[in-house]
Amino acid sequence: MRAAVFEGPGNIRIQQVPDPEVELSTDAVVRVVAAGICGSDLWSYRGYGQRMPGARIGHEFLGVVEDVGADVRTVRAGDLVLSPFTWSDGTCEYCIDGLPTSCVDGGIFAEPGHDGAQGEALRVPHADGTLVVVPLALQDADPGLLLPLCDVLPTGHHAAKVAGVRFGHRVVVVGDGAVGLCAVVAARRLGAESVVLIGHHEQRLELASRLGATDTVLGRGEEAVEQAMTITGGAHAVLECVGAQASLDTAIAVARDGATIGYVGVPHLVEGIDLRLLFGRNIAIAGGVAPARAYLPELLKDVALGHLDVSAVFDATVGLEDVPDGYVAMDTRKALKVRVDVSSV
């Protein structure tokens, strides 16, 4: 079968790879209908991280189950399923506590030795604890409505949840990527009175306004901080959705005393945080990798009811053969987020 393979910085190729098979009794094999290119995939593409040449890539997918192991009980061949970006057994103490990303036998798709989502099919470990069957009401939905549930929507939701966003809060979102835009939606969904998005792409800020941002700030650094502070007087909650030193510094600067910063941007080039900036003002920092599987039932219900739609974060679509072009489009900021259509339902 064909799949996207990372062959070094700036080099994604579509290659023939072995067909996936059920290896353990808890596995499923899923034929990919649609996948996404994630901002975290871009860091590998740009040469950050430890991904080795020859590794598969991609961790967001919607697909149809083709085969299951003997012990799989909750999905069966023919089911349309979506998956979080990690697999988890659903039974360990971390999964039970709502932290499947720390599952004792979990992992992330496309890590060494495992299939990636940007391909024709993949093996899913712990199918029962990982995969979610798409409800009948959404069986014919456009894949763009469902794909955000795999990563960016629960990640934006995680930022808002750990920051304690609630009714009446003033919220600042730092970062205008797909996660930041989803964080805007998440903050409004949790009752925020106002949401200010800080970014530096005019089209993305316009989209943020359509998704519920009450104000947007175009810029970065001190100028952006001053504008955000003028609007909010200091945020009750700050959602940091980039993972860079500058974005973390901005998040701290726009927080009011007693605020919580929810950080979900994958850290890169972060030198550190001066705790003295937080201590005297009682500013808390919480977050990390989003436990997407724990959030999926709640978020999927709202999607099915028509209350939650962030499909607009996908502004470009490519076929599997054109995945390398999709990476170029995102890397050069010609696309916000690229959807990969692989096969029909």
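First, a definition: axes are lines fitted to C-alpha atoms, for helices over the stretch in contact, and angles run from 0 to 180 degrees between N-to-C directions. Helices (H or I, at least four residues) and strands (E, at least two) are DSSP runs, numbered from the N terminus. What you see is a predicted model, where local features need pLDDT of at least 70 and side-chain atom pairs count only at pLDDT 80 or more, while totals for chains, interfaces and linings use all residues. Residues are numbered from 1 along each chain as its sequence is written, and side-chain values use heavy atoms, with hydrogens and water left out.

Now the helix pair. Helix α5, residues 152-162, packs against helix α11, residues 292-304, at an angle of about 95°, and their axes are 10 Å apart. The two are therefore roughly perpendicular to each other, a label that covers 65 to 115 degrees. On the α5 side, the contact (heavy atoms within 4.5 Å) is made by L153, P154, H157, H158 and K161; on the α11 side, by A292, Y295, E298 and L299.

Next, the sheets. Two strands count as paired if DSSP finds at least two bridges between them. Six strands make an open sheet with parallel pairing, in the order β13-β12-β11-β14-β15-β16. β13 (215-218) and β16 (284-287) are at the edges with a single partner strand each, so one side of each has no neighbour in the sheet. On average, neighbouring strands here are turned by 20° against each other, direction ignored. Between β15, residues 255-263, and β16 there are four bridges in the parallel sense, and T260 stands opposite A284 in β16.

Which strands does helix α8 lie across? Helix α8, residues 221-232, lies across β11, β12, β13 and β14, and runs at about 165° to β13.

There is also an open sheet of three strands, β2-β1-β4, and its pairing is antiparallel. Helix α12, residues 323-331, lies across β1 and β2.

Last, the core. A nonpolar core is a set of buried Ala, Val, Leu, Ile, Met, Phe, Trp, Tyr and Cys residues joined through side-chain atoms within 4.5 Å, where buried means under 20% relative accessible area (1.4 Å probe, protein chains only). The largest one has 53 residues, and L82 and L149 are among those with the most contacts inside it. Helix α6, residues 178-189, gives the largest share, nine residues. Apart from this core lies another, of 33 residues, including I12 and V72.

Key. Buried means under 20% relative accessible area, exposed over 50%, partly exposed in between (1.4 Å probe, protein chains only). Angles under 35 degrees count as roughly parallel, over 145 as roughly antiparallel, 65 to 115 as roughly perpendicular and the rest as oblique.
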